[in-house]
Amino acid sequence: MIRISKPKPLLTLTHQLLQRCTVSGTAKGKAKLKSGQPLKRSKISSKKGGPQKDGDSSGQGGRIQDEKQRLYHECLNAPTPVRHLTPRERAREVEREKMGLMSKERQREVEILKKGGRKALGVPDDPMIIGTPGLDLITLGLVDADKIPKYELTVEDGRRLAKEYSRVLMRKHRARQAAESTLLRLKKEAIEALPEKLKQAALVPDLAPFPANRFMATLTPPIEGYIEKMY
Amino acid sequence: MRRSLASAARQLAGTRGFCSKPEKIVASVLFERLPVVLPKIDPVVYAFQEFSFRWRQQYRRRYPDEFLDMSKSKGKGDYQIEYVPAPRITEADKTNDKKSLQRALDRRLYLLLYGNSYGAPSGKPVWHFPEKVYESEETLRKCAESALNSVIGDLSDTYFVGNAPMGHMVMQPTGNVSEPYKQFFFKSQVIATNKFNIGKCKDFIWVTKDELLEYFPEQAEFLSKMIIS
């Protein structure tokens, strides 16, 4: 018990003097971080192994470390074709441009626009297919391709499509709710119309579990001779 | 429906007050095959889903190729599965073969029989649901089950949903039936088979809801309320 309790005061002292972030193991100093500065990376994972390998790998180890660091840097600052900015941020960018300053992201955006806009970075302008090619919804016949409304990738078109979508689905939902309540009403009336003894029998809830081999609707139908073969 | 003399006497002499004649009750079965294939998607819904997917793709980060190759190479090896999906519109659809269960795969199909029905003038075959007059069994559901049993043969591939009927109709006297009787519908579903041996009647047919409404013009409104889709 004495052994456990002794190191405690020392730990708390070091903890207060140099707090370590629980995730990366590096020092937890937020106040001194400036934006735009390359972030300190944790060196724990990239420790060179053993004193024997030090001589061999120190020359190559440095280069490989650089490539890995470059990869990490590219992944962490991966570009997006269209940047997501609030209106306030956009106003700030415009002001900065008037002053003559331009941030790196803005520069990248300008370059992308010069190259030809979103299309350059792989956002296709024509309608994409949903699902794997060959098994997507249009070729399977689930959707009539000609009845799809035409639209551009703009905010107004998006809003219009969303309104129609919501309208269609809400209509269907309401119809389904109405149909289900009609079903319940008819069932109650039928039970009322039964003579007394049968009514008691009908009101007994049927708690037997429904059969486990009930066929579930799938995207494509089973082959015609399949079920007979299973028995 | 035969009641014993004692109960009939009790009813006549009793102070209850409901009608003294025992009412005829017919239990009929709505035998349905659930859809085998997912229903069609509305083009508006599809358009919106596509739009939202492409809009989100705009803001997706584009990672460098070496990173993506690393993740791909560690996965399993490439194996091509040659899969040709079966068509959703089957031959039965094209030939409009109403006796096969493969017809309208994305809709429900209901069984109708052609033969002598309880409510029809005697001798004249008519389209009707499988039915049976209630005669002192335990419950009406058992009566309905025996009705379906007599038509199909055995009940192993059917599932009756609940003990209670799902609707009733008061049928007026026609033909050889002299008094109004009540027809109760019970719901039962096809489980996992494709073929049935339908006996005991001249003809049978599997119909969708719209065709069903054609076969019963005077009860169309009630049936369209009772059957969804």
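This is a predicted model: local features need pLDDT of at least 70, side-chain atom pairs count only at pLDDT 80 or more; totals for chains, interfaces and linings use all residues.
**Chain A**

Chain A is built from 9 helices and 0 strands. Read from the N terminus, its elements run α-α-α-α-α-α-α-α-α. Of the 231 residues in chain A, 19% are buried. Among contacts in chain A with a separation of 6 or more, 29% are between residues 24 or more positions apart.

**The interface between chain B and chain A**

Contact between the chains involves 68 residues of chain B and 84 residues of chain A. Together the two chains bury about 6700 Å², and 67% of this area lies on carbon and sulfur atoms. B:Tyr46, B:Arg54 and B:Arg62 contribute 12% of the area that chain B buries against chain A, more than any other three residues.

As to polar interactions, 5 residue pairs are in polar contact across the interface, both residues being at pLDDT 80 or more. The side of chain B that touches chain A draws at least two residues from each of helix H2 (43–58), helix H3 (65–73), H5, S5, strand S6 (167–171), S7 and helix H7 (220–226) of chain B. H2(B) gives the largest share of that side, with 14 residues. The interface of chain B and chain A also holds 1 salt bridge. A:Asp206 forms a salt bridge with B:Arg141, with 2.8 Å between the closest N and O atoms.

A:Cys75 belongs to helix H3 (residues 54–76) of chain A. Its relative accessibility is 12%, and A:Cys75 therefore counts as buried, the cut-off being under 20%. Apart from neighbours within four places in sequence, A:Cys75 is in contact with B:Tyr63, B:Pro64 and B:Phe67.

**Helix H5 of chain B**

B:Arg141, the salt-bridge partner of A:Asp206, is one of the buried residues of H5(B). Seen down the axis of H5(B), the buried residues fall within an arc of 160 degrees, so they line one face of the helix. In general, an α-helix has 3.6 residues a turn, so residues three or four places apart point the same way.

The length of the helix can be checked as well. H5 of chain B covers residues 140–152, and its 13 residues should span 18 Å at 1.5 Å a residue; the end C-alpha atoms are 18 Å apart, which agrees.

The cover over the buried residues of H5(B) comes from both chains: it includes helix H8 (196–203) of chain A, and from chain B strand S1 (25–33), strand S2 (109–115), strand S4 (131–133), strand S5 (158–160) and strand S7 (181–190). After H5(B) comes B:Gly153, which has a positive phi near 120 degrees.

**B:Glu32 in strand S1**

B:Glu32 is located in strand S1 of chain B, one of the elements that cover the buried residues of H5(B). With a relative accessibility of 1%, B:Glu32 counts as buried. Beyond residues up to four places away in sequence, B:Glu32 touches B:Arg108, B:Leu109, B:Tyr110, B:Lys187, B:Ser188, B:Gln189 and B:Val190. Its side chain makes polar contacts with the side chains of B:Arg108 and B:Gln189.

| Pair | Interaction | Distance |
|---|---|---|
| B:Glu32 and B:Arg108 | polar contact | 3.1 Å |
| B:Glu32 and B:Gln189 | polar contact | 3.2 Å |
| A:Asp206 and B:Arg141 | salt bridge | 2.8 Å |

Methods
Residues are numbered from 1 along each chain as its sequence is written. Chains are lettered from A and ligands numbered from 1 in the order in which they are written. Side-chain values use heavy atoms; hydrogens and water are left out. Helices (H or I, at least four residues) and strands (E, at least two) are DSSP runs, numbered from the N terminus. The expected span of a helix is 1.5 Å times one less than its number of residues. Buried means under 20% relative accessible area, exposed over 50%, partly exposed in between (1.4 Å probe, protein chains only). The arc is that of the directions from the helix axis to the C-beta atoms. Contact means heavy atoms within 4.5 Å. Buried area is the accessible area (1.4 Å probe) that two parts lose on being put together, summed over both. A salt bridge is a side-chain nitrogen of Lys or Arg within 4 Å of a carboxyl oxygen of Asp or Glu. A polar contact is a pair of N or O atoms within 3.5 Å; within protein, one must be able to donate a hydrogen and the other to accept it, and residues adjacent in sequence count only if both atoms are side-chain atoms.
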